[in-house]
Amino acid sequence: VQLQASGGGLVQPGGSPGLSCAASGSIFSISAMRWYRQAPGKQREMVAVITRGGMTNYADSAKGRFTISRDNAKNTVYLQMNSLKPEDTAVYYCNVEQLRLNYWGQGTQVTVSS
């Protein structure tokens, strides 16, 4: 399974960018899809997760500002981010789970700065 993320870049505080991540390759049935992020000098942390059925869960830092969604027909997961803060600056990674294996995207940089 290969994951291709897009979106991100330089965003002003308060901005609302969106990320997307498309899975391709040997796809049978992707279960959970997740977004993680890793800020400089910090550990990678999970931001949001969505099950195949659409149930979601968010890190406290993302609740109320970020929305994760997915399109099962396109094997794509999205992350809509609103009201971004400088502390949201990080490399964002998508992750999908299939048959108890986890696959990672290459990461996309989101920098929140004026």
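User: Which hand does the disulfide of Cys-21 and Cys-94 have, and why?

Analyst: Keep in mind that this is a predicted model. The torsion about the S-S bond of Cys-21 and Cys-94 is about 50 degrees, so this disulfide is right-handed.

User: Where do the two cysteines of that pair sit in the chain?

Analyst: Cys-21 belongs to strand E3, residues 18–24, while Cys-94 belongs to strand E9, residues 90–98. The bond links distant parts of the chain, with the two cysteines 73 residues apart. The S to S distance is 2.0 Å.

User: Is Cys-21 buried or exposed? And what about Cys-94?

Analyst: Cys-21 has 1% relative accessibility, so it counts as buried. Cys-94 is buried too, at 0%.

User: How many disulfides does the structure hold?

Analyst: It holds one disulfide.

User: OK, new topic. How many salt bridges are there?

Analyst: A search of the whole structure finds five. One of them joins Arg-37 to Asp-88, and their closest N and O atoms are 2.9 Å apart.

User: Why would you say that the pair of Arg-37 and Asp-88 ties together separate parts?

Analyst: Arg-37 is in strand E4 (residues 30–38), and Asp-88 is in the loop between strand E8 (76–81) and E9, so the pair ties together parts that are 51 residues apart in sequence. Both Arg-37 and Asp-88 are buried.

User: What does Arg-65 form a salt bridge with?

Analyst: Its partner is Asp-88, with the closest N and O atoms 2.7 Å apart. This pair also links distant parts of the chain: Arg-65 is in the loop between strand E6 (56–58) and strand E7 (66–71), and Asp-88 is in the loop between E8 and E9, 23 residues away. Salt bridges that share partners join Arg-37, Glu-45, Arg-65 and Asp-88 into one network.

User: Are Arg-65 and Asp-88 buried or exposed?

Analyst: Both Arg-65 and Asp-88 are buried. For another salt bridge, look at Asp-60 and Lys-63, whose closest N and O atoms are 3.2 Å apart. Asp-60 is exposed, with a relative accessible area of 66%, and Lys-63 is partly exposed at 48%.

User: Let's switch to rings. How many aromatic pairs does the structure hold?

Analyst: There are two aromatic pairs. Tyr-36 and Trp-104 form a tilted one, 4.8 Å centre to centre with 55 degrees between the planes. Tyr-36 lies in strand E4 and Trp-104 in strand E10 (residues 101–104), so this pair ties together parts that are 68 residues apart in sequence.

User: Are those two buried or exposed?

Analyst: Tyr-36 is buried, with a relative accessible area of 19%. Trp-104 is partly exposed at 38%.

User: What about the rings of Tyr-93 and Trp-104?

Analyst: Their centres are 6.5 Å apart and their planes are at 80 degrees, so the pair is edge-to-face. Tyr-93 is in strand E9 and Trp-104 in strand E10, 11 residues apart. At 14% relative accessibility, Tyr-93 counts as buried. The ring pairs link Tyr-36, Tyr-93 and Trp-104 into a cluster.

User: Last one! Where does the charged end of Arg-44 sit?

Analyst: It sits over the ring of Tyr-93, 3.7 Å from the ring centre. The charged end of Arg-44 also sits over the ring of Trp-104, 4.7 Å from that ring's centre.

Definitions and conventions: Residues are numbered from 1 along each chain as its sequence is written. This is a predicted model: local features need pLDDT of at least 70, side-chain atom pairs count only at pLDDT 80 or more; totals for chains, interfaces and linings use all residues. Side-chain values use heavy atoms; hydrogens and water are left out. A disulfide is a pair of cysteine sulfur atoms within 2.5 Å. Helices (H or I, at least four residues) and strands (E, at least two) are DSSP runs, numbered from the N terminus. Buried means under 20% relative accessible area, exposed over 50%, partly exposed in between (1.4 Å probe, protein chains only). A salt bridge is a side-chain nitrogen of Lys or Arg within 4 Å of a carboxyl oxygen of Asp or Glu. Rings of Phe, Tyr and Trp (its six-membered ring) pair if their centres lie within 6.5 Å; planes under 30 degrees apart count as stacked, over 60 as edge-to-face and the rest as tilted. A charge sits over a ring if NZ of Lys or CZ of Arg is within 6 Å of the ring centre and within 35 degrees of the ring normal.
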